[in-house]
Amino acid sequence: MKAEPLDFEILPLGEDCAVISLGNVISEDVNRRAVSIAEAVNSFGFEALIEAAPAYSSVAVYYDPRKARSGVMTPFQIVRTLLKQIVPAAVTSATAEERVHTVPATFGGEHGPDLKEVADRRGLSADEVVEIFLSRNYRVFMLGFLPGFPYLGTLDQRIATSRRSTPRTLVPAGSIGIAGSQTGIYPFDSPGGWQLIGRTDVIVFDPGSEEPAMFRPGDSVRFTEAP
Amino acid sequence: MSLKITKAGILDTVQDLGRTGYRALGVNPGGAADRDAVRILNTLLGNDENAAVIEMHFPAATIEFETDSVIAVGGAHFRPHLEGFSIPEWTSLPVKKSESLSFAGRNYGARVYLAVRGGIETEQWLGSSSTNLFVKAGGAGGRRLEKGDVLGTGIENAFGPSGLRAGRTLTERFLRRPVLRVTEGPENNLLTAFSANAFEIEEFEVRPDSNRMGIRLDGPQIHTVDDGELVSSAVAPGTIQLLPDGSPLILGADSQTTGGYPRIARVISADLSLAAQASHGDRVRFRAVSLEEAYAAMCRFEKDLSFLRLGLRFRAP
């Protein structure tokens, strides 16, 4: 494994959130580090901590400033001081086991109305796009946009395609979309601008379940063609 | 102990102070848009600050109390009436069985709250009574309130003093042209010097398509030095994102947990209620303050609220 850069920045996002920034990049190494930092902060669990949530290359640490008080330092300074100790330690303890999910899907036609456009724009056939799409596992970089929506990557550059110029007002739940070198699965019917290449019946977010989100940051996803 | 919706409003939901601990799954905290109002009203009634309340937009619901209770109304000024008589806001008031609460018109503000002694009893989702309309969970079956809905109200603490009023330091805060104090966002440095200046000097008008997700603003175009793509990162209510069309968006209680637009500022927590009450046509301005000033303002509110809490304790029987 490559040596990971140790530099990070801790910036305030208002009075109750400290953002640990590892740079403005999409990289599996950097994201692995963000996920392990979030885990380390949550398990360290200082009194004012509400929660830590990882994104692509950053971690948001939410805290209750009323519980981080001292005579001279502001709540943000107190939290930053704690994080400066936790963050470097998190890098070495990153041994989290990756969960792999299999997601059966159907591609093209009404389930993937943009498959043809993606193929045309990339100079491939629809079958080739699907074959390339299915050829690798994708990492869950983060969940966001909608509850349980996984930001997956990284796509083979041959099929990376920019968003639609006009977003759709209704994307059906289960739709699999492409945006640049990312892919994702819509958990709910919602508006959306990603290129839709297929759809799955898998329930990505089930509010009635103890663990409502199917994916967690750091998981792996393998798509298969549904029988 | 219960109350009944006899006429539905345009958007009435059960809310509390929101759910935390699930942002890593993309689940936003949600909850009341005007948190300060909810905390004040619940404190007035001797409730837990996080007790569930009804959040209403205008036109608001008409609500009949099916049992004697004690209530408090506050937030936006929608001219509340009980049995046709005007009632004071920010005051705990006894109500009798079959009396009806209605709202006569909107003077200012975007959302009003009804708190009931003991709180509204509804289903919880992920540890909160807040209604998440998107997921369809929490509150009254995850949906907006409809005519005929009957909601249970807590019996805990159902008897106690009424006629108590929150002081003006807490409640005199709704201005038609609020100046929202903001702290610098992580991407503030991307603004051009001209835009950074315009953001602080010019006035912005609240657009009609503002809602619980965010407040859209019309005003001078704000620009960044380069429009390179940002990798998605955390956002929270009060975060001011700069949209690609050059207009700022103040995120609300139902905002996403992450976003890819520049976070140029964040409204300080003491002024989040002002932002939450800004409605179509209102004009807002921004003033940059230091994080220290933001914490000082937060402490002032907390102190005023704790005085209210202490005052009630002395008057309790």
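Which backbone oxygen lies 2.6 Å from a polar atom of the side chain of B:Thr43? It is that of B:Arg39.

This is a predicted model, where local features need pLDDT of at least 70, side-chain atom pairs count only at pLDDT 80 or more, and totals for chains, interfaces and linings use all residues. Residues are numbered from 1 along each chain as its sequence is written, chains are lettered from A and ligands numbered from 1 in the order written, and side-chain values use heavy atoms, without hydrogens or water.

**Stop 1: B:Thr43.** Select helix α1 of chain B, residues 35–44 (a DSSP run of H or I, at least four residues). B:Thr43 lies in it. Now show its contacts (heavy atoms within 4.5 Å) beyond neighbours within four places in sequence: B:Glu49, B:Leu305, B:Leu308, B:Arg309 and B:Leu312.

**Stop 2: the domains of chain A.** Colour domain 1 (9–90) and domain 2 (100–225), bounds from an automatic or database domain assignment. Their centres, taken over C-alpha atoms, are 30 Å apart. Nine residues of domain 1 and ten of domain 2 make the contact.

**Stop 3: the interface.** The two domains of chain A bury about 820 Å² (accessible area lost on being put together, 1.4 Å probe, summed over both), 59% of it on carbon and sulfur atoms. Select A:Glu28, A:Asn31 and A:Tyr56. On the domain 1 side these lose the most area, together 56% of what that side buries. Finish on helix α1 of chain A, residues 28–44, which gives the largest share of the domain 1 side, four residues.

Notes:
Helix = DSSP H or I, 4+ residues; strand = E, 2+ residues; numbered from the N terminus. Polar contact = N/O pair within 3.5 Å; in protein donor to acceptor, adjacent residues only side chain to side chain.
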